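Visitor: Could you walk me through this structure?
Guide: Gladly. Here it is.

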Amino acid sequence: MTSWNANSTTATASWQNVFTTDHPLYYEVSVRLEDGDGDIVQWQETTDRDIDIELKTEKIPETGATLEFSVRAINHAGYFETVSANLFVPGSM
């Protein structure tokens with residue numbers, strides 16, 4: 001699930017209940033602009049099941065932008081599964 005808070009210019013992604021296992025997992029999170037303008041977050045490791053990213057308003061074009069979130073869940077044996085989601089962030093038109 002993804003969401004946008006315009007007041008704080010914060011994008012949020014949550015993957016609670018997305019990956020099911022009886023074993024501990026850690027996650028690698030990547031976020032980038034869809035137009036390929038570089039990574040905002042590049043494979044940040046975490047054990048959390050969500051992430052908040054405060055965007056600088058100059059990174060968001062006036063017409064808005066789509067953020068691509070990728071989350072890779074990795075178990076202790078190194079097996080992994082990746083899920084992705086997009087979030088449209090409105091610009092300041």
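This is a predicted model: local features need pLDDT of at least 70, side-chain atom pairs count only at pLDDT 80 or more; totals for chains, interfaces and linings use all residues.

Residues are numbered from 1 along each chain as its sequence is written, and side-chain values use heavy atoms, with hydrogens and water left out.

Visitor: How many helices and strands does the secondary structure of the protein come to?
Guide: Helices (H or I, at least four residues) and strands (E, at least two) are DSSP runs, numbered from the N terminus. Along the sequence the pattern reads β-β-β-β-β-β-β. The totals are 0 helices and 7 strands.

Visitor: What box do the C-alpha atoms of the protein fill?
Guide: The box is taken along the principal axes. Its size is roughly 45 × 25 × 15 Å.

Visitor: How many bridges join strand 3 to strand 6?
Guide: Strand 3 spans residues 25-33, strand 6 spans residues 65-75, and they run antiparallel. Y27 stands opposite A73 of strand 6. The bridges between the two strands number 9.

Visitor: Which strands are at the edges of the open sheet of 3 strands?
Guide: The order in that sheet is 1-2-5, with antiparallel pairing. An edge strand here pairs on one side only. The edges are strand 1 (2-5) and strand 5 (50-54).

Visitor: In the hairpin of strand 1 and strand 2, which residue takes a positive phi?
Guide: Strand 1 and strand 2 (residues 10-14) pair over 4 bridges. T2 stands opposite A13, and N5 has T10 as its bridge partner. The hairpin has 4 residues between the strands. The positive phi, near 45 degrees, belongs to T9.

Visitor: How far is T9 from E54, by C-alpha atoms?
Guide: E54 lies in strand 5. Contact (heavy atoms within 4.5 Å) links E54 to S8, T9 and T10, leaving aside neighbours within four places in sequence. E54 and T9 are 45 residues apart along the chain, and their C-alpha atoms are separated by 5.6 Å.

Visitor: Is E54 buried or exposed?
Guide: Buried means under 20% relative accessible area, exposed over 50%, partly exposed in between (1.4 Å probe, protein chains only). E54 has 62% relative accessibility, so E54 counts as exposed.

Visitor: Which residues touch the most other members of the largest nonpolar core?
Guide: A nonpolar core is a set of buried Ala, Val, Leu, Ile, Met, Phe, Trp, Tyr and Cys residues joined through side-chain atoms within 4.5 Å. This core has 21 residues. The residues asked for are W15, L67 and F69.

Visitor: How many aromatic pairs does the structure hold?
Guide: Rings of Phe, Tyr and Trp (its six-membered ring) pair if their centres lie within 6.5 Å; planes under 30 degrees apart count as stacked, over 60 as edge-to-face and the rest as tilted. The structure's count is 2.

Visitor: Why is the pair of F19 and Y27 tilted?
Guide: F19 and Y27 are both buried. Ring pairs link W15, F19 and Y27 into a cluster. The F19 and Y27 ring centres are 5.9 Å apart, and the pair is tilted because the planes stand at 35 degrees.

Visitor: Where does the charged end of R72 sit?
Guide: A charge sits over a ring if NZ of Lys or CZ of Arg is within 6 Å of the ring centre and within 35 degrees of the ring normal. The charged end of R72 sits over the ring of F80, 5.1 Å from its centre. It also sits 4.4 Å from the centre of another ring, that of W43.

Notes: Two strands pair if DSSP finds at least two bridges between them.
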